[in-house]
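Have the viewer open as you read.

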Amino acid sequence: MSDAQASKTIPPPTALLAELTHRCPLSCPYCSNPVALAKKADEMAAPLWARLFEEASALGVLHAHLSGGEPAARADLETIAAAASRAGLYTNLITSGVGLGAGRLEALAAAGLDHLQLSVQAPEAALSEAIGGYAGAFAKKRAVAEAAARLDLPLTLNAVMHRRNFDGLEATIALAQAWGARRLEVATVQLHGWAARNRAALTPSEAQVLRASEIVAAAQERLRGALVIDYVPSDQFARYPKACMGGWGRVGIVVTPAGDALPCHGAQALTQLSFPNVRQTSLAEIWTRSDAFNAYRGEAWMQEPCRSCARRAVDFGGCRCQALAWTGDAAEADPGCSLSPHHARLRAAAREAAAEEPGAWMPRPNA
Amino acid sequence: MSALPDEARPALLSGVRLREDPRRGWVLLAPERVLLLDETAAAVLAEIDGARSFALIVERLSARFAAPREEIARDAGAFLRALADQRMARL
């Protein structure tokens with residue numbers, strides 16, 4: 001198939017998640033970065049990112065998410081953000097807020113930043129800093145939220161929720177309002193990568209999960225027009241799996257600090273695939289023609305119960321990484337789905353983990 | 001109750017951008033959201049600027065699409081309220 005034909009049949013991506021660095025001053029035990037972290041020396045320089053943003057825009061990408069690690073760990077973040085904005089992309093910064101002091105946010109706004117997404121580990125300093133492993137982070141986050149309000153930069157708070165902080169969900173919603181956020185993402189921890197090493201410490205109880213769904217539904221109703229709440233429920237106690245990444249090779253591209261292009265940020269767990277690198281291969285070629293992006297695109301790869309399932313176009317079979325981890329076959333149904341023959345095992349393991357003594361967690365190293 | 005008060009002066013919030021995309025036509029870009037707009041929706045958003053009143057916006061759209069004012073007021077009002085609920089517009 002030629003590039004022209006392929007780009008006619010495969011809809012363009014809308015989002016590019018740019019992991020500018022894996023370095024981070026925080027050490028959250030559920031970090032979504034791969035367990036093998038990229039080194040500083042492997043990070044792509046700003047001109048390579050700039051070229052990538054131009055390619056992304058030409059391919060049809062609309063949103064650029066500048067992420068990490070902590071993107072502010074890069075001294076040239078402002079240059080990179082300016083390049084994303086210049087390429088015509090809606091530019092979002094995903095940050096812990098640490099390293100964004102004294103004028104950096106002003107410079108980023110001037111560079112064309114459209115939106116700020118700030119993580120909070122818990123709604124108060126002590127627990128937040130125990131989870132993130134960085135003393136003083138909470139005050140820095142608050143200062144960034146205040147600066148965003150001064151700059152009229154729209155703010156989203158992102159809260160990863162788990163066993164230790166789920167009981168603070170109401171307070172987290174109140175914090176989002178107090179800090180002037182327009183949106184709040186309540187994301188139940190995904191037990192992959194670093195989080196999988198901390199299952200007992202992080203797995204919420206079924207009661208916590210059920211309570212969270214009630215709290216979120218009530219708050220969405222109560223705060224309509226004031227705060228938008230996007231909710232990622234637990235997939236350990238759900239009936240159907242989530243539409244991971246909006247479907248493989250369907251919506252987004254993740255690019256690692258070293259330039260590897262992935263269909264999702266955890267995809268390197270699928271060791272049978274080899275992932276193309278944006279230094280050698282154009283983004284258009286990667287999106288339309290690479291084996292990695294085509295591996296689980298569409299429906300041809302599906303097995304039962306997905307293949308004949310009415311929901312296959314809703315959740316796309318769920319998460320490939322979770323399928324591989326629990327069944328040994330990445331093309332199985334996500335065991336988070338109640339129709340999967342492996343579902344009972346996943347659910348029993350979640351109940352077991354939630355009943356264990358949580359113990360200490362293993363922090364993610366800073367670099 | 002879907003039309004807005006005549007004196008409302010709706011506007012997009014900061015960080016919400018109307019853009020013409022070569023592949024998708026008119027799109028509204030907002031944090032974590034892309035809305036694909038049909039011709040009518042794009043026309044409504046091209047009218048709102050925080051200064052023009054809803055009454056004037058309805059009048060202009062009614063002339064442009066040769067459609068009854070009540071119909072335009074109902075549809076544009078419902079659309080703008082939905083955007084306000086999503087924190088993309090203020091009314």
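Strands count as paired if DSSP finds at least two bridges between them; the strands (E, at least two residues) and helices (H or I, at least four) are themselves DSSP runs, numbered from the N terminus. This is a predicted model, so to speak of a local feature takes pLDDT of at least 70, side-chain atom pairs count only at pLDDT 80 or more, and totals for chains, interfaces and linings use all residues. Residues are numbered from 1 along each chain as its sequence is written, with chains lettered from A and ligands numbered from 1 in the order in which they are written.

Chain A has an open sheet of nine strands with mixed pairing, ordered E7-E6-E5-E4-E3-E2-E1-E8-E9. Its edges are E7 (228–232) and E9 (261–262) of chain A, each pairing on one side only. Inside that order, E3 (90–95) and E4 (115–119) of chain A run parallel over four bridges, and A:Leu93 has A:Leu116 as its bridge partner in E4(A).

Now to where the chains touch. Contact here means C-beta atoms, placed from the backbone, within 7 Å. Chain A brings 17 residues and chain B 14.

| Element of chain B | Residues |
|---|---|
| Strand E2 | 17–21 |
| Strand E3 | 25–30 |
| Helix H3 | 69–85 |

As for confidence, the model scores ipTM 0.94 and pTM 0.95. Chain B has a mean pLDDT (the predictor's confidence in each residue, from 0 to 100) of 95, with 98% of its residues at 70 or more.

Methods: Two residues are in contact if their C-beta atoms, placed from the backbone, lie within 7 Å.
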